[in-house]
Amino acid sequence: MLLIDLARTSAAVAADSARLAKIGHLAELLSRVEPDEAEIAIAYLSGELPQRNIGVGWAGLQDLPDPRLVATATLRQVNDLFDRIKAQAGPGSQAARKILVAELFGAVTRQEQTFLSRLLRSELRQGALDGVMIEAVAKAAAVPAAEVRRALTLRGWLPAVGAAALNGGVEALRAFHLEVGRPVSPMLAQSAASIAAALGRLNGPAAIEWKLDGVRVQAHRSGDAVAVFTRTLDDITAQVPELVEAVRALPAQDLVLDGEVIALRPDGRPEPFQVTSGRVSSRVDVTRMREKTPLSVFFFDALRVDGADLLDLPGEERHAALAATVPVELLTPRLITDDVTSAETFFKEALRGGHEGVVVKSLHTPYAAGRRGAGWIKVKPRHTLDLVVLAAEWGHGRREGKLSNLHLGARDPQTGGFVMLGKTFKGLTDELLAWQTERLLELADGRTDHWTVTVRPELVVEIAFDGVQQSPRYPGGMALRFARVIRYRSDKRADEADTVDMVRSLML
């Protein structure tokens with residue numbers, strides 16, 4: 001298939017605001033793609049590269065050659081060049097990449113150049129998010145969308161799942177199984193304003209678990225081999241030796257566990273999230289970092305124990321398997337009750353311990369990997385949302401020379417874009433101001449004026465607020481009241497930010 005076919009489909013998807021129309025455009029193209037190019041096509045149209053990162057950023061896309069007049073580049077040719085670009089390493093690699101980028105862009109038309117530039121800059125905001133692409137794959141392959149979602153749960157990467165569906169149908173999708181060593185997307189929680197509201201949604205006894213302010217981890221073990229992944233599926237095994245040792249000491253030889261690592265003070269209270277995050281992300285001198293900032297691990301779910309997959313079992317049965325495998329000191333504190341008073345007392349205990357709040361969990365739902373399942377509901381002592389930074393304004397006075405006032409957006413699943421909900425400069429320390437100024441300038445998309453720098457929507461920030469109110473000032477018709485920055489969420493991607501519908505449900 002020619003690259004121009006993808007570029008034209010991408011433009012059509014971006015131009016159509018209707019979800020069904022987007023699905024139709026994508027499905028039509030996917031029904032024509034060659035078997036060995038299916039994974040490439042799905043990745044590109046999802047705004048990803050099969051190679052993940054090839055070392056080409058904004059600067060590497062300047063001074064591009066003139067485009068060709070006739071489209072002849074195939075998907076395979078383009079992807080082979082991406083492979084060659086990624087393979088460059090060592091002295092002279094930057095110059096070599098620049099030559100290969102020029103070769104690539106000199107072989108494609110202007111429309112294809114635009115498509116590739118947006119793809120490499122992570123700016124392919126056309127509305128082809130996972131939900132839309134799943135439906136498009138299902139339509140093109142003539143398989144139930146539920147089968148695609150199930151396979152995605154186990155494989156974790158839609159291009160590979162989509163290619164299997166297109167080339168092998170339902171049989172190929174059902175061949176996917178939970179594999180030790182291959183992470184699955186974690187189950188996520190919805191939000192509620194109170195314990196009573198959360199219990200009311202579940203309509204019966206539920207498990208109340210402390211919500212720790214740490215880093216989400218998924219631990220895999222096969223024999224003596226242990227691997228640890230983050231919620232974004234990054235391998236951090238080398239950075240968390242304490243967790244590796246704890247898992248290796250368990251009696252089960254074949255398992256996958258879901259939990260949290262956290263840095264605790266000597267009194268048992270948690271360190272600030274930045275301390276835990278900094279420790280987990282550090283790849284330098286891990287032994288010394290461990291001595292300075294030791295990590296503790298707490299597990300709250302089991303996806304596989306002793307070779308048996310547990311994803312489809314009710315939460316109560318999964319936890320029973322977990323408790324039979326993991327010692328109590330490594331389990332997240334938990335209470336089962338349908339009594340609001342007891343649950344609120346447990347909630348307050350978590351807060352007194354310095355933790356974020358609780359997660360109220362159904363005893364009956366399966367593990368909804370990669371989704372905000374209705375069976376998990378988080379409750380915090382304040383309203384918080386994970387929003388995306390769309391732009392920032394230059395500060396004045398003490399903040400002169402710093403990007404200060406943040407423009408905040410919620411994700412719109414229907415369009416694939418973001419809807420602005422307001423601005424805030426509150427909660428920003430001098431250290432955070434300096435960091436965000438540097439980072440936002442790196443993400444600047446060129447649309448700047450004297451006051452404002454517009455940025456690529458990649459940074460997720462956790463915002464606390466007192467409520468949501470109607471407002472004609474912003475496109476979504478609503479605004480956050482007294483919004484303030486809690487922290488940046490380096491562990492979340494923009495496509496995991498909270499949605500406009502979530503915000504609207506909290507409106508006064």
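How many cavities of 30 Å³ or more does the structure hold? There are 2. The model is predicted: local features need pLDDT of at least 70, side-chain atom pairs count only at pLDDT 80 or more, and totals for chains, interfaces and linings use all residues. Residues are numbered from 1 along each chain as its sequence is written, and side-chain values use heavy atoms, without hydrogens and water.

**View 1. The largest cavity has a volume of about 410 Å³.** A cavity is a set of points on a 1 Å grid over the protein atoms alone where a 1.4 Å probe fits but cannot get out; lining residues have an atom within 4 Å of a point. Its lining counts 28 residues, with Lys211, Arg216, Arg231, Glu260 and Val359 nearest the centre. By class, 10 are nonpolar, 2 polar and 16 charged.

**View 2. The second largest cavity holds about 80 Å³ of space.** Among its 13 lining residues, Gly315, Arg318, Arg334, Lys361 and Ser362 lie closest to the centre. Helix H14 (315–325) gives the largest share of this lining, 4 residues.

**View 3. Phe300, Tyr367 and Trp376 form one aromatic cluster.** The ring centres of Phe300 and Trp376 are 6.0 Å apart and the planes stand at 80 degrees, so the pair is edge-to-face (centres within 6.5 Å, planes over 60 degrees apart). Phe300 is buried at 10% relative accessibility, and Trp376 is buried at 5% (buried: under 20% relative accessible area, 1.4 Å probe, protein chains only).

**View 4. The charged end of Lys361 sits over the ring of Trp376.** It lies 3.9 Å from the ring centre (cut-offs: NZ of Lys or CZ of Arg within 6 Å of the centre and within 35 degrees of the ring normal). Arg487 lies over the face of Phe273, at 4.0 Å from the ring centre.

Technical notes: Rings of Phe, Tyr and Trp (its six-membered ring) pair if their centres lie within 6.5 Å; planes under 30 degrees apart count as stacked, over 60 as edge-to-face and the rest as tilted. Buried means under 20% relative accessible area, exposed over 50%, partly exposed in between (1.4 Å probe, protein chains only). On a 1 Å grid over the protein atoms alone, a cavity is a set of points where a 1.4 Å probe fits but cannot get out, and a pocket is an open set with protein on both sides within 12 Å along at least five of seven lines; lining residues have an atom within 4 Å of a point. Grid points are joined across faces, edges and corners, and a volume is the space filled by probe spheres set on the points. Ala, Val, Leu, Ile, Met, Phe, Trp, Tyr, Cys and Pro count as nonpolar, Asp, Glu, Lys and Arg as charged, and the others, Gly among them, as polar. Helices (H or I, at least four residues) and strands (E, at least two) are DSSP runs, numbered from the N terminus.
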